Amino acid sequence: MEIQQVIDSARLFREVRFEGEINLELPKSTSFYVGKNFSKSLVAITKPNITLDFTDAIVRVHLTDPLDTNLNIFFVSSMAKNVEIKNLKLHVYLNIPVTSRQIVGIYNTAYGLKLNNCDIEIVSENQSNLVGVFNNGNLDTHMETRADNLVITNGCIKVQIVQGGKMECKTYGIYNNLANSISIQNTFVYSTNIGIGKKQTAIGVFTNGRFGRFIGCNIKANGSHNTGNLKEQAYAYGFVNEGLYNLIESNNIIGEWGGQCVGLENKGDFTKVNGNKILATHTIQ
């Protein structure tokens, strides 16, 4: 039985366990709208109050065909409240032509999603826009949004572009869009981009939501100039905060090996930054 069928048949308040190697391919029709953007999803989660356990499984995606839309490997619908995904091992390899499309490991629009001990890795040979976890509240309010209360713990999220070029592109480990009261703890986030100047950017964590807590994480953004012999490189921002009342504590935050390197860029009011190691290093312009 396919992974989508297993999820669709899951009973409420039950745990579903997966085993073995699961290979996902591009769908012919599974799709949804996000604002004005049309996207495809390989796996869509629409049931609330279920737990997906991937302890004994690994999920692989290997794509070579051009993309005609944005692509999400896992899409969590706003109907799927209080879903937990644990021990997920998601490895995505892209050898597709250069594209302006966005590829996302887990795209969430649901309240109360929990990602526990999840290993998410996306590697693209050519330029594209990559996001490990995209949490989309999509409503600028101090009240509730559809994607509030995201919890990510004990995880590892890596996104990487291998070859540079002239196209504008960005890589994000975690992107939180206007969702409030999220909690990211004890998670390794690594975002790498390669290119020329500010048109190619690597960002570890971005948030513009309220009341977020980012505690005990290792966050790195890397502009890929490890030899140090180029005059311009991709920009690297470890953490970009544009939200209100966020707590950033006990993290290791680094922007490195870039044309411009920033450890923490804070544009948000009432942010508390405490006990972090923040480093911007090896800037080449």
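The largest pocket holds about 300 Å³ of space. A pocket here is an open set of points on a 1 Å grid over the protein atoms alone, with protein on both sides within 12 Å along at least five of seven lines. Its volume is the space filled by probe spheres set on the points, which are joined across faces, edges and corners.

Before going on, the basis of all this. This is a predicted model, in which local features need pLDDT of at least 70 and side-chain atom pairs count only at pLDDT 80 or more, while totals for chains, interfaces and linings use all residues. Residues are numbered from 1 along each chain as its sequence is written, and side-chain values use heavy atoms, with hydrogens and water left out.

Back to the pocket. The largest pocket has 12 lining residues, and E2, Q4, L24, E25 and L42 lie nearest its centre. Lining residues are those with an atom within 4 Å of a point. By type, the lining of the largest pocket consists of six nonpolar, four polar and two charged residues. Nonpolar covers Ala, Val, Leu, Ile, Met, Phe, Trp, Tyr, Cys and Pro; charged covers Asp, Glu, Lys and Arg; the others, Gly among them, are polar.

Which elements supply at least two residues each to this lining? They are α1 (3-8), β1 (15-24) and β3 (37-45). β1 gives the most, with three residues.

Now the whole protein. There are one helix and 25 strands. The radius of gyration is 18 Å, close to the 19 Å that the globule rule gives for 285 residues, so the protein is as compact as a globular protein of that length. That radius is taken over C-alpha atoms, and the rule is 2.2 Å times the number of residues to the power 0.38. Along the principal axes, the C-alpha atoms fill a box of roughly 55 × 45 × 35 Å.

Of the 285 residues, 56% count as buried. Buried means under 20% relative accessible area, exposed means over 50%, and partly exposed is in between, with a 1.4 Å probe and protein chains only. Among contacts between residues at least 6 apart in sequence, 82% join residues at least 24 apart. A contact is heavy atoms within 4.5 Å.

Next, strand pairing around β4, residues 51-63. Two strands pair if DSSP finds at least two bridges between them. β4 pairs with β1 in the parallel sense over nine bridges, and E19 stands opposite D56 in β4. β4 also runs parallel to β6 (residues 84-86), joined to it by three bridges; here D53 stands opposite K86 in β6. With β7 (residues 89-94), β4 pairs in the parallel sense over five bridges, and R60 stands opposite H91 in β7. As a reminder, side chains in a regular strand alternate between the two faces of the sheet.

V98 lies in the loop between β7 and β8 (102-108). Which residues does V98 touch, not counting those up to four places away in sequence? They are N126, Q127 and M167. V98 and S128 are 30 residues apart in sequence and 6.1 Å apart in space, C-alpha to C-alpha.

A cavity is a set of grid points where a 1.4 Å probe fits but cannot get out, and the count comes to one cavity of 30 Å³ or more. The largest cavity has about 30 Å³ of space. L115, C118, I120, V133, I152, G155 and I157 line the largest cavity: six nonpolar, one polar and no charged.

Two residues have a positive phi without being glycine. N149 has a phi of about 60° and is found in the loop between β11 (129-136) and β12 (151-153). N149 is partly exposed, with a relative accessible area of 28%. W257 has a phi near 55° and is found in the loop between β22 (252-256) and β23 (261-266). W257 is partly exposed too, with a relative accessible area of 28%.

Last, N274, in strand β24 (residues 272-274). Is N274 buried, partly exposed or exposed? N274 is partly exposed, at 35% relative accessible area. Leaving out residues up to four places away in sequence, N274 touches I248, E249 and S250.

Technical notes. Helices (H or I, at least four residues) and strands (E, at least two) are DSSP runs, numbered from the N terminus.
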